[in-house]
Amino acid sequence: MGRCREHGGCRVTIEGVGTSENGLSFDDPTLVDLAADLRAAHARVAPLPPEARRRLHRHLLVITDLAKRDASLAARRLAVFLVDLEKE
């Protein structure tokens, strides 16, 4: 089940969708929290100067890619990323 941005956030159910090929459920609270944290991190990076924004955005893309394979490791790396972002 997902949210449709084009139609005001309506709920959409698609037959056969809900689990990825590696068995992770889209309703998994860990993945939902990780996705929300990644969105928040991208929002924090967006207003930064272009040079820093590019570098940090690439780092977030690596974490996002890692989340496809290992959500718990991606969550830990995102936590470290956010601590480092606070220091900058």
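Of the 88 residues in the chain, 20% count as buried, where buried means under 20% relative accessible area, exposed over 50% and partly exposed in between (1.4 Å probe, protein chains only). The model is a predicted one, so local features need pLDDT of at least 70 and side-chain atom pairs count only at pLDDT 80 or more, while totals for chains, interfaces and linings use all residues. Residues are numbered from 1 along each chain as its sequence is written, and side-chain values use heavy atoms, with hydrogens and water left out.

The chain holds three helices and two strands, with helices (H or I, at least four residues) and strands (E, at least two) taken as DSSP runs numbered from the N terminus. Along the sequence they come in the pattern β-β-α-α-α. Taking contact to mean heavy atoms within 4.5 Å, 37% of the contacts between residues at least 6 apart in sequence join residues at least 24 apart.

Now to the helices one by one. Leu-31, Leu-34, Leu-38, Ala-41 and Val-45 are the buried ones in H1. Seen down the axis of H1, they fall within an arc of 85 degrees, so they line one face of the helix; the arc is that of the directions from the helix axis to the C-beta atoms. Over on the other side of H1, Pro-29, Arg-39 and Ala-43 are exposed. The cover over the buried residues of H1 includes H2 and H3.

H2 runs over residues 50-67, and its 18 residues should span 26 Å, which agrees with the 25 Å between its end C-alpha atoms. Its buried residues are Ala-52, Leu-56, Leu-60, Ile-63, Leu-66 and Ala-67. Looking down the axis of H2, these sit within an arc of 110 degrees, so they line one face of the helix. Glu-51, Arg-58 and Val-62 are exposed on the other side of H2. Leu-61, also in H2, is partly exposed, with a relative accessible area of 45%. Its C-alpha lies 9.4 Å from that of Leu-38, 23 residues apart along the chain.

H3 has 17 residues and reaches 25 Å from first C-alpha to last, close to the expected 24 Å. Ala-71, Ala-74, Leu-78, Phe-81 and Leu-85 are its buried residues. They cover an arc of only 75 degrees around the axis, which puts them on the same side of H3. On the other side of H3, Val-80, Glu-86 and Lys-87 are exposed. H1 and H2 are among what covers the buried residues of H3.

How do the helices meet? The axes of H1 and H2 come within 10 Å and cross at roughly 170 degrees, with axes being lines fitted to C-alpha atoms, for helices over the stretch in contact, and angles running from 0 to 180 degrees between N-to-C directions. H1 and H2 are therefore roughly antiparallel to each other, a label for angles over 145 degrees. On the H1 side, the residues involved include Leu-38, His-42 and Val-45, and on the H2 side they include Arg-53, His-57 and Thr-64.

In the largest nonpolar core, Leu-34, Leu-60, Leu-78 and Phe-81 touch the most other members out of 15 residues. Such a core is a set of buried Ala, Val, Leu, Ile, Met, Phe, Trp, Tyr and Cys residues joined through side-chain atoms within 4.5 Å. H1, H2 and H3 are the elements that give two or more residues to this core.

Key:
The expected span of a helix is 1.5 Å times one less than its number of residues. Angles under 35 degrees count as roughly parallel, over 145 as roughly antiparallel, 65 to 115 as roughly perpendicular and the rest as oblique.
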